[in-house]
Amino acid sequence: MEVGRYYALLEESTGGNGQYANWKLTNLYDLGPEREAAVAGALQLARTYKPKHPWSDQGRRIFEHGLDSWVVVVEGATSRHHFRLSLTRLLAEQP
């Protein structure tokens with residue numbers, strides 16, 4: 001990883017329901033050093049990322065959750081799931 005580059009952090013529910021749902025950072029995508037291209041890449045991920053659930057993607061809604069943060073609701077044939085996507089910039093890395 002390189003300091004100063006933009007990364008998309010993807011968080012998904014990995015089990016449990018309601019207040020007992022477990023959220024986990026499941027993917028980290030390097031989107032490069034340029035902010036404009038990184039925003040476009042993050043939005044493309046919001047439109048195309050295939051979560052583990054639901055197995056049959058019937059459509060999705062993308063909500064802006066804050067500056068550079070989105071919640072994506074994926075409608076399946078029998079259930080609805082969501083994931084969070086955040087655009088970040090690596091500021092420091094320590095060994």
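Trainee: Which residues is H65 in contact with, leaving aside its neighbours within four places in sequence?

Mentor: W70 and V71. This is a predicted model. Contact here means heavy atoms within 4.5 Å, and H65 meets that with W70 and V71.

Trainee: Where is H65 found, and how far is its C-alpha atom from that of L85?

Mentor: H65 is in strand β3. The C-alpha atoms of H65 and L85 are separated by 9.2 Å.

Trainee: Why is H65 called exposed?

Mentor: Its relative accessibility is 58%. The cut-off for exposed is over 50%. H65 therefore counts as exposed.

Trainee: What makes D68 buried?

Mentor: The value for D68 is 14% relative accessibility. Buried means under 20%. So D68 counts as buried.

Trainee: Where does D68 sit, and what is its phi?

Mentor: D68 is in the loop between β3 (57-66) and β4 (69-76). Its phi is near 65 degrees. That is a positive value in a residue other than glycine.

Trainee: Which residues does D68 touch, not counting residues up to four places away in sequence?

Mentor: R35, V39, L85, S86 and L87. As for L9, its C-alpha is 11 Å from that of D68. In sequence, D68 and L9 are 59 residues apart.

Trainee: S86 is on that list. Why is S86 called buried?

Mentor: S86 has 17% relative accessibility. The cut-off is under 20%. S86 therefore counts as buried.

Trainee: Which strand holds S86, and what does S86 touch beyond residues up to four places away in sequence?

Mentor: S86 lies in strand β5 (residues 80-89). It touches Y7, A8, L9, D68 and S69.

Trainee: How do you know that β1 and β5 pair?

Mentor: Two strands pair if DSSP finds at least two bridges between them. β1 and β5 have seven, in the antiparallel sense. So they qualify as a pair. One example is Y6, whose bridge partner in β5 is R89.

Trainee: How many bridges join β1 to β2?

Mentor: Eight bridges join strand β1 (residues 6-13) to strand β2 (residues 23-32). The cut-off is at least two, so this is a pair as well. The two strands run antiparallel. A8 has Y29 as its bridge partner in β2.

Trainee: In what order do the elements run from the N terminus on?

Mentor: The order is β-β-α-β-β-β. The protein has one helix and five strands.

Trainee: What is the average pLDDT, and where is confidence lowest and highest among the elements?

Mentor: The protein averages 90, and 93% of the residues score at least 70. Confidence is lowest in β3, at a mean of 92. It is highest in helix α1 (residues 35-48), at 97. Where pLDDT is low, the predicted coordinates should not be read in detail.

Trainee: What share of the 95 residues counts as buried?

Mentor: 31% of them. D68 at 14% relative accessibility counts as buried, and so does S86 at 17%.

Trainee: What share of the contacts with a separation of 6 or more comes from residues 24 or more positions apart?

Mentor: They account for 41%.

Note on methods
Residues numbered from 1 in each chain as written. Predicted model: local features only at pLDDT ≥ 70, side-chain atom pairs only at ≥ 80, totals over all residues. Heavy atoms only, no water. Buried < 20%, exposed > 50% of the residue type's maximum accessible area, 1.4 Å probe, protein only. pLDDT = per-residue confidence, 0-100.
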